[in-house]
Amino acid sequence: LNLVDKEIRGVTAATPVLQETTVAGYTNHTLIGNRLSRLRFYDQAVNELRIWPWAVQALAMYWNVKPRLENNILYIGDKEIKLDHNGDLWLDYPLHKPGVTFLHEYAGITAAMVLNLYEGEIYGLEDLDEDEIKNYLVQAVPSKKAETARQNQPEVKATWNRYRNRYLTSSRINNGVKFIKDNFEILDSVEKDFGVSKYYIASIIGCETNYGNYLGTYNPLDTIFTRAFDPKSTYWQKQLIELFILSKLYNFDPKSIKSSWSGALGLGQFIPSSYNAYGVDYDEDGKVDMYNSRKDGIASVANYLKANGWQKSSTAVLEVDVSKKYQDLEDEDISALELPFNLNNFRTKISANDLVKQGFDIEKDFAEKISPLLVYEQGKTKLYLGFDNFRVITKYNRSSKYALAVHQLALEISKRFDE
């Protein structure tokens with residue numbers, strides 16, 4: 001670190017909050033071995049230029065005090081810390097336990113949390129104050145179990161046939177019929193109000209929570225905190241703030257309510273930002289309760305689909321015949337195909353003519369773009385065409401397997417309900 005013409009050169013960047021709070025600062029923090037750490041202070045920097053090490057600025061912000069350095073003693077609030085003859089502060093700390101990756105386990109609230117999360121206005125959310133956020137954060141514990149679950153998701157690892165068999169079971173279909181019968185008036189009303197088929201609503205709820213019978217074994221505070229701790233994960237940091245707002249608004253305890261491994265909540269498994277954005281108080285009791293109100297849970301699923309582009313009476317998926325060229329292909333064969341577009345990817349949007357050019361027998365054109373799904377299912381190669389409503393379902397879960405399973409379960413529930 002060098003002071004050149006009252007400018008600091010070679011300084012690491014601070015967080016946006018700290019940069020807005022102080023004119024300048026510097027980092028000079030050196031790890032000595034694996035237990036000692038040195039933080040050096042420069043008299044000219046702190047006394048003439050009022051430039052402090054970022055760590056001191058962060059602590060001073062947290063305690064809402066002004067730091068000062070006099071006679072080689074650092075004062076932060078009522079704390080007095082004597083420096084050595086070189087102006088260095090030496091820190092001695094115990095070794096981390098093997099496998100520990102979160103300093104929070106030792107330090108409670110972290111500097112990153114203070115600087116990046118406690119300022120709610122970063123996300124335009126002024127509903128929370130420092131003490132409220134701190135009270136939530138001190139309860140959070142990283143969840144290794146949730147991290148393990150994240151790395152073993154069936155949408156990624158399972159074949160289509162195995163994935164399908166997980167959802168397309170007789171019991172889940174029968175429970176879907178029962179769910180519709182038990183909640184028919186609500187579903188019928190919601191379908192009229194939002195234009196979303198009751199069968200697709202029931203199917204999503206069936207896939208997400210087995211019709212409300214399984215809301216998860218995690219708590220959203222720990223699971224979301226685990227992912228938010230990654231400095232690059234601004235998305236999950238936002239979800240953490242959204243969870244705090246949600247908890248304050250509806251008097252939820254984020255440590256005790258149930259969630260999925262990713263912190264998804266309630267009957268339809270909404271992440272906190274979706275809960276706040278798309279949740280519907282359909283029973284008009286003054287709050288959105290996706291845990292205890294069937295009306296709110298069902299209407300919120302429908303509202304999410306509608307808001308993301310669901311078109312009433314439009315086809316989501318259509319099964320078509322497979323041409324001889326593509327018959328008798330199993331999963332490995334399908335993966336090995338070389339085509340100018342990606343199969344089984346909801347981001348693919350092509351025309352029927354694009355498929356015809358590659359030897360698929362498509363007898364008619366379609367107004368909507370197609371996401372082609374060529375899968376090995378129950379011993380046969382099958383071809384499905386995904387349309388706009390199919391892609392809307394992937395907004396709920398970013399997986400073509402998921403959207404196709406939701407569609408097929410909706411069809412099976414519909415058939416059995418009409419029998």
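Two strands are taken to pair if DSSP finds at least two bridges between them. Helices (H or I, at least four residues) and strands (E, at least two) are DSSP runs, numbered from the N terminus.

The model is predicted: local features need pLDDT of at least 70, side-chain atom pairs count only at pLDDT 80 or more, and totals for chains, interfaces and linings use all residues. Residues are numbered from 1 along each chain as its sequence is written, and side-chain values use heavy atoms, with hydrogens and water left out.

**View 1. An open sheet of three antiparallel strands, ordered β11-β13-β12.** Because β11 (317-320) and β12 (371-377) stand at the edges with a single partner strand each, one side of each is left without a neighbour in the sheet. On average, neighbouring strands are turned by 30° against each other, direction ignored (axes are lines fitted to C-alpha atoms, for helices over the stretch in contact; angles run from 0 to 180 degrees between N-to-C directions).

**View 2. Pairing of β11 with β13 (residues 380-386).** Four antiparallel bridges join these strands; Val317 has Gly386 of β13 as its bridge partner. Helix α20 (residues 400-418) packs on the sheet and touches β11, β12 and β13, contact meaning heavy atoms within 4.5 Å. The direction of α20 makes about 75° with that of β12.

View 3. Asn303 counts as buried because its relative accessibility is 18% (buried means under 20% relative accessible area, exposed over 50%, partly exposed in between; 1.4 Å probe, protein chains only). Neighbours within four places in sequence aside, Asn303 contacts Phe194, Tyr278 and Val280.
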